Amino acid sequence: MTILVTGATGNVGRPLVELLAKAGADVRAVTRQPEHADFSPEVKTIESARTGLSGATAVFLNSRALGDDLAGFVNQAVHEGVSRLVALSAINCDDDFSRQPSRFRGDRNKEVEQYAVESGVEWVSLRPTVFASNFRGMWSGQLSAGDVVRGPHASASTAPIADRDISEIAAHALLTDDLVGRRIPLTGPQAYTNAELVAVLGDVLHRPLQYHQVPDDLVRQRFTGLGFPDGFADAYLAMQASTVSTPAVVTHEVDRILGRPAETFAAWANRFRAEFTPQKG
Ligand SMILES: NC(=O)c1ccc[n+]([C@@H]2O[C@H](COP(=O)([O-])OP(=O)(O)OC[C@H]3O[C@@H](n4cnc5c(N)ncnc54)[C@H](OP(=O)(O)O)[C@@H]3O)[C@@H](O)[C@H]2O)c1
């Protein structure tokens with residue numbers, strides 16, 4: 001089995017590549033920077049997704065990594081005889097685009113699923129919710145500087161999923177026939193408000209952490225300062241607002257598919273505690 005993984009150095013891709021290699025698959029990992037990839041020696045790195053297609057039997061599709069070539073790449077994959085496509089989509093891919101912030105940075109989670117489904121070959125679509133790793137990007141800087149997280153809607157709800165659990169489900173989708181033809185909404189084991197997530201982090205870190213809700217304009221300024229494109233912040237705010245009075249869905253698909261509990265947010269945070277901790281000196 002020869003599996004081509006796009007987005008191979010990413011949050012989902014990196015653990016996926018190693019899981020596939022450990023399972024004995026012939027893995028081709030696509031990265032623009034092979035010299036920094038640092039995979040296990042048996043993994044073959046490839047600089048362009050298209051050049052890795054010849055002889056591949058299955059492909060993991062990450063729309064962020066494929067960018068504008070997504071549709072053409074899927075066509076070529078089918079043309080070259082790939083027999084299974086596993087798409088990394090998103091739980092909100094059918095929502096109005098105004099509530100899908102990632103679209104404003106170019107992700108095409110609706111299309112990646114659609115192209116896989118319409119490809120004529122076996123397909124699986126993974127629809128994860130918010131990755132736990134998002135909170136490293138959003139909150140680690142604030143929590144390294146103090147005990148307060150500032151952000152929108154204290155009562156907005158999410159059920160963050162450990163990225164590693166998504167990778168494990170992706171490996172299952174690529175290596176077994178169990179999930180073929182399914183769109184699978186993937187969540188963490190529990191829904192939390194933003195304020196509750198900060199409280200969980202406080203318990204893990206043994207610190208008196210607090211969440212302070214701030215006006216939308218401040219949230220916009222922060223995203224702009226971090227280099228996010230126009231429209232991202234508004235879509236993020238709209239997405240958060242839509243969950244204020246409705247707790248996030250919890251699907252338990254991770255447990256069903258992997259036969260073990262999904263990782264909790266607390267366990268995930270404990271693995272990354274150093275990133276939320278002020279550096280001494
Ligand atoms: N974060 C969430 O909460 C969430 C939730 C649901 C769905 N999703 C979806 O999951 C996908 C992202 O997955 P991920 O977090 O695993 O990916 P990622 O870590 O952001 O990126 C994966 C790899 O793709 C390459 N890449 C990134 N940006 C690129 C660009 N503009 N052009 C070409 N290559 C690029 C990079 O590899 P090299 O530098 O090595 O080439 C990167 O390591 C997106 O479609 C996102 O919408 C995310």
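Predicted model: local features only at pLDDT ≥ 70, side-chain atom pairs only at ≥ 80, totals over all residues.
1. **Ligand surroundings.** The ligand is surrounded by 23 residues. Thr9, Thr31, Arg64, Asp107 and Asn109 are the closest of them.

2. For Thr9, an N or O atom of the side chain is 2.6 Å from an oxygen atom of the ligand. For Asp107, an N or O atom of the side chain is likewise 2.6 Å from a ligand oxygen. Val12 takes part through its backbone: a polar atom there is 3.0 Å from an oxygen atom of the ligand. Thr9 and Asp107 are also listed among the closest residues to the ligand.

3. **H1 against H6: geometry.** Helix H1 covers residues 13-22, and helix H6 covers residues 163-175. Their axes come within 8 Å and cross at roughly 45 degrees. H1 is therefore oblique to H6. The crossing of H1 past H6 is right-handed.

4. **H1 against H6: residues.** H1 contributes Pro15, Leu16, Leu19 and Leu20. On the H6 side they meet Ser167, Glu168, Ala170, Ala171, Leu174 and Leu175. By class, the contact of H1 with H6 holds eight nonpolar residues, one polar and one charged.

5. **H8 against H9: geometry.** Helix H8 runs over residues 216-225 and helix H9 over residues 232-241. They pack at an angle of about 135 degrees, and their axes are 9 Å apart. The two helices are therefore oblique to each other. H8 and H9 cross in a right-handed sense.

6. **H8 against H9: residues.** From H8 come Asp216, Val219, Arg220 and Phe223. From H9 come Phe232, Ala233, Asp234, Tyr236 and Leu237. The contact of H8 with H9 divides into six nonpolar residues, no polar ones and three charged.

7. **H3 against H4: geometry.** Helix H3 spans residues 70-79, and helix H4 spans residues 109-117. Their axes come within 10 Å and cross at roughly 20 degrees. An angle under 35 degrees counts as roughly parallel. H3 and H4 are therefore roughly parallel to each other. H3 passes H4 with a right-handed crossing.

8. **H3 against H4: residues.** Leu70, Ala71 and Val74 of H3 meet Glu111, Val112 and Tyr115 of H4. Five residues of the contact of H3 with H4 are nonpolar, none is polar and one is charged.

9. Helix H4 takes in residues 109-117. Asn109 is one of the closest residues to the ligand.

Technical notes
Residues numbered from 1 in each chain as written. Heavy atoms only, no water. Axes fitted to C-alpha atoms, helices over the stretch in contact; angles between N-to-C directions. Helix = DSSP H or I, 4+ residues; strand = E, 2+ residues; numbered from the N terminus. Parallel < 35°, antiparallel > 145°, perpendicular 65-115°, else oblique. Left-handed = near helix turned anticlockwise from the far one by under 90°. Contact = heavy atoms within 4.5 Å. Nonpolar A, V, L, I, M, F, W, Y, C, P; charged D, E, K, R; others polar. Near = heavy atom within 4 Å. Polar contact = N/O pair within 3.5 Å; in protein donor to acceptor, adjacent residues only side chain to side chain.
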